[in-house]
Amino acid sequence: MFITISDVLNMEGFEDVEVLAGETGLSRRVENVYFMEVPDIYAYIDQNGLLLTTLYPVADKPEHIETLIPKLAELNLAGIAIKPGRYVAEIPTIMVEQANELGIPLMKLPHGANLSTLTNQVLTKFLDVKTSLLEFRNKMHQQLLELLLEGTDVNKFVHSIASLVNAPVLLLNNDFEYVGSSLHNEHKISIQHKAYNSDASKSTFSVQVDDTVYDKNDLFIQCIFAGGNDYGFLVILLEKEKNLTEDLIIAIEQASFIIAFLFQTEQTLLQKERNHLSSFVRDIFHNQYTSQTEMIEKAKVFRWNLQFPLVLVSIKTNEKDSEKKLAIFHKMLDSGLIEGSASKMVDVPIENCKVLYINDSLVCFISLVSEKNVRKKLQNLGDTIVTLFEKNGHLGVSISDTVHHFNQMKEYYDNSTLVFQVYKELLQKQSYVHFYGDIGLFRLFHYVDNLYMLEDFVTEKLGKVFEYDKKKNTNLLETLKYYIKNNTNVQKTADDMFVHYNTMRYRINKLKELGIDGEDGFELTEISLAYQLHRYLQLKKG
C-alpha cells in the first residue's frame, strides 16, 4: 500500500491540476513532499519525492531552468508541480519537452493553489497509509504468531501463507532448488535459475507450473534469513498483470521471520536426533549391545528399519578446511538425497536407509531386501552420489562387503575407512567409487610404512621393463598385466589386447629377455606382486 502521482491527483485540492508532460510516470511512487526555496535544491531532496514550486529561486536563471528536470530525474524524483503566474508567466517549453523525454510527471497548479494546503493534504494521506500499514502489520503478525503457537510445521505454514496472501507460495533452498509449495502434488513444478557471478543483473530466474511460466515480473522473492543464517527463499506467484501490493510485501516479510524460526527449531531438533543416532551407532561399534534383537528394536526409535544383511556406503570429501567440510556434510545430510537415492537405486524402503556423520565422513547404512545384482546397484548409487554433489568438490565413496551380523558392523566400517586411506592421494585429484573387496593386496601394502623398500622390490623385478618401455616408447608393462591376468595363456592375452598371436609371441619373448619368466610359478608370483605394488605406489603418488 503506497501513494502514486495518480493517487495525489485524485486528492481533494488537486482537482484542477493539469498534467502537462510525463504521463508515463504517473505510477511513480511518492514518499515525501518538498518546497523549492533555493536554486541548489538537489542536496535537500530524496528519491520518490514530489516537488512543489513557483520556480521563484531560478526564475531569472535560464541556465538553471534548463538543467532542473534532468538533475531531478537523476535523483529519481516522483514528479514536479509548478504554480506559474507571479514569477514565471508560463511553464517553459524546455521543461515540458524534458519531462516527456524522461517520463517525469510535470504538473501545472492553478493560480489559486495554496502550496501549504496541498502539502498538508499529501502528508495527511501519508499518515493514513502508514497507520493502515502498521495496523495490517500487527494483524498479520498476530495471525502468523497464532499459527506458530498452534504447533504448525514448515509445510503447513507455507499453505497458511498462501491463504493469507491469496497466491501460490513456493519454498526453495539456498541453491534455488524446489523444496515444497502450497500447490497440489499433481502440479508439475520446475525452477530455472542461472547466476552470473561477474554481473548479477544478468542472472535469470523463472518458475514453470504445468504449462504456465512465471518470469521475474510475475514473482516476488523473499529471502528467509535469521540468526546470521540463510534458510532459502519464499517465492510468491503473482497473477499475470497484477501489481505487487504493499500489503503482500509486509505479509511475506512477516512470514519469512516466522518460517526462519521454524527452520531453526526443526534443525535444532534434527541435530539432537542425529547426535542420539550417532551415540547409538557408536554403542554398537563398541559392543554395548549383546542382542541383535535389542539393537533392532532400539533403531526403531530413530524411524530406522535396521535389518541384516546390510552394506555401509561411506563418503569422504577432499575439502581440508574443517568448517567448510562440516558445512558440506550438513548440506548433504539436510538434502535427504542420499537416503532417497539409496532407496530408489538399491530398491529398498527409505526406512531401510540411514545416513549419519561419523569420524570425518558420512556413512549410509542400507538394509538389503535382496542381494541380487546388489554390486551393480551399489556402483550406480556411488556414481549418483558423486554426480549429485560434485559442485562441492571431489568425493570418495567406499562400499563395504555385505554385513550379515551386527557384530561385524564395526569391522566392516573400519574396512571402509581403509579404502579412504589407500586412495587418499587420488581423492585430491578426482572423485572415485571403490568397493573394499576390490582393493585386494592394497589392504596389506598399506600397513608397510617403508615405501622405499617397496619401490626397491618393484625395481628389482620390473626395472628392466620400465627402462625398455621408456627407451623404445613401448608398453610391455601392459602386455605383462594381461599375460599375468590370463595365467600366461598367450592366445587369450593376444585376444584381450586385440593383436595377432605372432605379435604377442614376440612381445612375450622380449619380456623373457628382460627377466620375466612365466614358466617359474614362484618367480611369476613375485612378478605379479611387484606389478600390484607398482599400481599401489603410483596411486600413493596421486
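1. A pocket here is an open set of points on a 1 Å grid over the protein atoms alone, where a 1.4 Å probe fits, with protein on both sides within 12 Å along at least five of seven lines. The volume is the space filled by probe spheres set on those points, which are joined across faces, edges and corners.

2. Some housekeeping before going on. This is a predicted model, in which local features need pLDDT of at least 70 and side-chain atom pairs count only at pLDDT 80 or more, while totals for chains, interfaces and linings use all residues. Numbering runs from 1 along each chain as its sequence is written, and side-chain values use heavy atoms, with hydrogens and water left out.

3. Back to that second largest pocket: 17 residues line it, and Lys316, Thr317, Phe420, Lys424 and Leu427 are the ones nearest its centre. Two or more lining residues come from each of β15 (310–317), α11 (409–422) and α12 (424–427). The largest share belongs to α11, with four residues. Lining residues have an atom within 4 Å of a point, and the elements are DSSP runs numbered from the N terminus (helices: H or I, at least four residues; strands: E, at least two).

4. What is the make-up of that lining by class? For the second largest pocket, four residues are nonpolar, seven polar and six charged. In this scheme Ala, Val, Leu, Ile, Met, Phe, Trp, Tyr, Cys and Pro are nonpolar, Asp, Glu, Lys and Arg are charged, and the others, Gly among them, are polar.

5. Now the largest pocket, at about 1800 Å³. Its lining takes in 43 residues, with Gln267, Leu333, Asp334, Ser335 and Gly336 nearest the centre. By class, the 43 divide into 17 nonpolar, 12 polar and 14 charged.

6. Helix α6 gives the largest share, eight residues.

7. On domains, the assignment lists domain 1 (5–124), domain 2 (152–266), domain 3 (289–439) and domain 4 (446–541); bounds like these come from an automatic or database domain assignment. Domain 2 and domain 3 each put at least three residues into the lining of the largest pocket. As for spacing, the centres of domain 1 and domain 3, taken over C-alpha atoms, sit 69 Å apart.

8. Helix α7 (residues 292–299) has Met295, Ile296 and Ala299 buried. Looking down the α7 axis, these buried residues fall within an arc of 100°, so they line one face of the helix; the arc is taken from the directions from the helix axis to the C-beta atoms. Buried means under 20% relative accessible area, exposed over 50%, partly exposed in between (1.4 Å probe, protein chains only).

9. Phe329, in helix α8, has a relative accessible area of 0%, and its C-alpha is 8.5 Å from that of Thr317, 12 residues away in sequence. Asn318 is in the loop between β15 and α8 and is buried at 18%. A polar atom of the Asn318 side chain lies 3.1 Å from the backbone nitrogen of His394.

10. Now the backbone. Most residues other than glycine have a negative phi, and most peptide bonds are trans. The peptide bond from Phe308 to Pro309 is cis, with omega near 5°, and Pro309 lies in the loop between α7 and β15. Phi of Asn473 is near 55°, a positive value; Asn473 is in the loop between α14 (451–472) and α15 (476–485) and is exposed at 71%. Asn487 also has phi near 55°, in the loop between α15 and α16 (490–497), and counts as exposed at 62%.

Note on methods: A polar contact is a pair of N or O atoms within 3.5 Å; within protein, one must be able to donate a hydrogen and the other to accept it, and residues adjacent in sequence count only if both atoms are side-chain atoms.
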